[in-house]
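Good morning, colleagues. I would like to take you through one structure, strand by strand. Please look at the sequence and the structure as I speak.

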Amino acid sequence: PRLRPISNSPLLPIGVRPEDSIATVELILVSDVEEVTIRDAGVVVGSTITNSGDVLTCDGRTLEVSRSMSMRILARLNGDVGG
């Protein structure tokens, strides 16, 4: 059997996603302690992350995480950037 990609869109850390983009969280690479912090922020696999300029939102709620933590939450872009 051949392996086929599930999407043409790459996984990107939420900290480097393009402005005006929407993505779905697919992978969270954190320690057990950090996992509690991320979960308390409302981020889980399947969450929708929106980048509107300098503001990240998770399922409609403003998301405030450190730059280092944002680089360990990977999300796949949904549709076209900017629209």
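I shall turn to the strands, the core, the surface and the loops.

First, the basis. This is a predicted model, in which local features need pLDDT of at least 70 and side-chain atom pairs count only at pLDDT 80 or more, whereas totals for chains, interfaces and linings use all residues. Residues are numbered from 1 along each chain as its sequence is written, and side-chain values use heavy atoms, with hydrogens and water left out.

Let me begin with strand β3, residues 48-52. Strands here are DSSP runs of E of at least two residues, numbered from the N terminus.

With β2, β3 pairs in the antiparallel sense over four bridges, and N51 in β3 stands opposite S21. β3 and β4 also run antiparallel, joined by four bridges, and I49 has C58 in β4 as its bridge partner. The hairpin of β3 and β4 has two residues between the strands, and G53 takes a positive phi near 70° there.

Now the interior. A nonpolar core is a set of buried Ala, Val, Leu, Ile, Met, Phe, Trp, Tyr and Cys residues joined through side-chain atoms within 4.5 Å. The largest such core has 13 residues, of which I14, V43, I49, L63 and I73 touch the most other members. At least two residues of this core come from each of β2 (21-28), β4 (55-58) and β6 (73-77), and β6 gives the largest share, three residues. Leaving aside residues up to four places away in sequence, I73 touches L12, P13, I14, V25, L27, I28, I38 and V43, contact meaning heavy atoms within 4.5 Å.

Finally, two loop residues. D20, between β1 and β2, has a positive phi near 60° and is partly exposed at 46% relative accessible area. D59, between β4 and β5 (61-63), has a positive phi near 50° and is partly exposed at 49%.

Notes: Buried < 20%, exposed > 50% of the residue type's maximum accessible area, 1.4 Å probe, protein only. Pairing = 2+ DSSP bridges.
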